[in-house]
Amino acid sequence: MACRAIDFAVTVPFGTWCTNKRKVNFFRVKCSVSLSENTTASGLGSRPWKVSDARLVLEDGSIWNAKSFGATGTQVGEVVFNTSLTGYQEILTDPSYAGQFVLMTNPHIGNTGVNFGDEESRECFLAGLVIRSLSISTSNWRCVDTLGNYLAKRNIMGIYDVDTRAITRRLRNDGSLIGVLSTENTNSDVQLLEMARSWDIVGVDLISGVTCQAPYQWVDKTDDDWDFNTDGARGETYNVVAYDFGIKQNILRRLASYGCKITVVPSTWPASEVLKMKPDGILFSNGPGDPSAVPYAVDSVKELIGQAPIFGICMGHQLLGQALGGKTYKMKFGHHGGNHPVRYMRNGMVEISAQNHNYAVDPESLPEGIEVTHINLNDGSCAGLAFPAKNIMSLQYHPEASPGPHDSDLVFGEFVDMMRRAKRN
């Protein structure tokens, strides 16, 4: 192996420095060391810092070198950015991120570690995590493990020391991009680029990979330490059937805290079987991907409209839009974060909301009688619908605050009130 020598000199003070004109002795040390081809000094061991060992290749041809943590391998997904300042564990376990790399715009991630109380589903469904700076230590009384160990155990790839700010600007200008994340050297940059350009998330049924396999009862309420609306139940109980399109556990906790007895059913559960349960209300949950890719879910929604009060959240909102005769479309880069302002059109109040979606309902395509109740103030897109004649309400965002502010929690009370009125009538 070829080696080359370099010389360097070190000047070391010998004696005591003082403010008077006392003479100070110095000596010079001259060293010659051999460097191998990889520029590591022989005999000095490996570098004490991690070097770049991962690549993120985007379909626009850009290549981003980074350092890996979590799992290793090669993974393809759609890159989206999330503007939340905290709550990364809720984001990791949100099934709505299936098939996507989540880039956190907040530069410092991992300092609070992970805990089992903040998980929103049984596993991590996202394709990977992209961050600027990975915390080298954790400091939180609830912490049970580090973020890197958590991802490795769940086979989720992560990268850091990458310019997330530059990638975010690219996504805002060009829209969401397909990317390939790899820690392997078996594929060239060109091959990874071809992989990115040959993969598409549009038209793919991602719900079938995140839904439950059989119905189950949900009984857990919000822990007393975290429940800020303890009088929500008002002493009454309502039977709710919740379609699991990728449902978050805190949605179920909030419904239970408001007095709901919940049966969760798979995304393909027949509407006829739901009606046999005699529900007081039906929830269509959040979930990942393209609502046009799951026509079976739209058909179930159509069959259940008018049979019981209905509440749709995120994917459920989009499926209701289609079932009512409207259209959905893919947004440029979607809404992902815990700081989106939404105006409630009925009273003019503004809520700060948590959002996670790449598709939206086109309000111009909706038939007469359907009311747009909420507007996203960032771009004017439809953020909520109501069809009073059929006891239907829906939100494009996540009212359960996982993560995010609690501004929208009262919507669960509105759903309960709608069920109460329908039950009395």
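**Rings and strands in a predicted model**

Guide: At 0% relative accessibility, Phe284 counts as buried. The model here is predicted.

Visitor: How many aromatic pairs does a search of the whole structure find?

Guide: The search of the whole structure gives 8 aromatic pairs. In one of them, the ring centres of Tyr243 and Phe245 are 5.8 Å apart and the planes meet at 20°, so this pair is stacked. Planes under 30 degrees apart count as stacked.

Visitor: Are Tyr243 and Phe245 buried or exposed?

Guide: Buried means under 20% relative accessible area. Tyr243 has 0% relative accessibility and therefore counts as buried. Phe245, at 1%, counts as buried too.

Visitor: What is the geometry of the rings of Phe245 and Phe284?

Guide: Their centres lie 6.3 Å apart with the planes at 15°, so Phe245 and Phe284 are stacked. This pair links distant parts of the chain, 39 residues apart. Phe245 is in the loop between strand S13 (238-243) and helix H5 (249-257), while Phe284 belongs to strand S15 (residues 281-284).

Visitor: Which residues do ring pairs link into a cluster?

Guide: The cluster consists of Tyr258, Phe311, Phe412 and Phe415.

Visitor: Where does the charged end of Lys330 sit?

Guide: The charged end of Lys330 is placed over the ring of Tyr359, 6.0 Å from the ring centre.

Visitor: Now the sheet. What is the order of its strands?

Guide: As a general idea, strands of a sheet pair through backbone hydrogen bonds, either parallel or antiparallel. Here, an open sheet of 10 strands with mixed pairing runs in the order S12-S14-S13-S15-S16-S21-S20-S19-S17-S18. Strand S12 (216-218) and strand S18 (350-362) are the edge strands, each pairing on one side only. On average, neighbouring strands of this sheet are turned by 25° against each other, direction ignored.

Visitor: How many bridges join S13 to S14?

Guide: S13 and strand S14 (residues 260-265) run parallel and are joined by 6 bridges. Val241 stands opposite Thr263 in S14.

Visitor: Which strands does H5 touch?

Guide: H5 packs on the sheet and touches S12, S13, S14, S15 and strand S16 (310-313). The direction of H5 makes about 150° with that of S14.

Visitor: Which strands does helix H8 lie across?

Guide: Helix H8 (residues 315-323) lies across S15, S16, strand S17 (327-344), S18, strand S20 (382-387) and strand S21 (392-395). H8 runs at about 120° to S16.

Conventions. Residues numbered from 1 in each chain as written. Predicted model: local features only at pLDDT ≥ 70, side-chain atom pairs only at ≥ 80, totals over all residues. Heavy atoms only, no water. Phe/Tyr/Trp six-rings, centres within 6.5 Å; stacked < 30°, edge-to-face > 60°. Buried < 20%, exposed > 50% of the residue type's maximum accessible area, 1.4 Å probe, protein only. Helix = DSSP H or I, 4+ residues; strand = E, 2+ residues; numbered from the N terminus. Lys NZ or Arg CZ within 6 Å of the ring centre and 35° of its normal. Pairing = 2+ DSSP bridges. Axes fitted to C-alpha atoms, helices over the stretch in contact; angles between N-to-C directions. Contact = heavy atoms within 4.5 Å.
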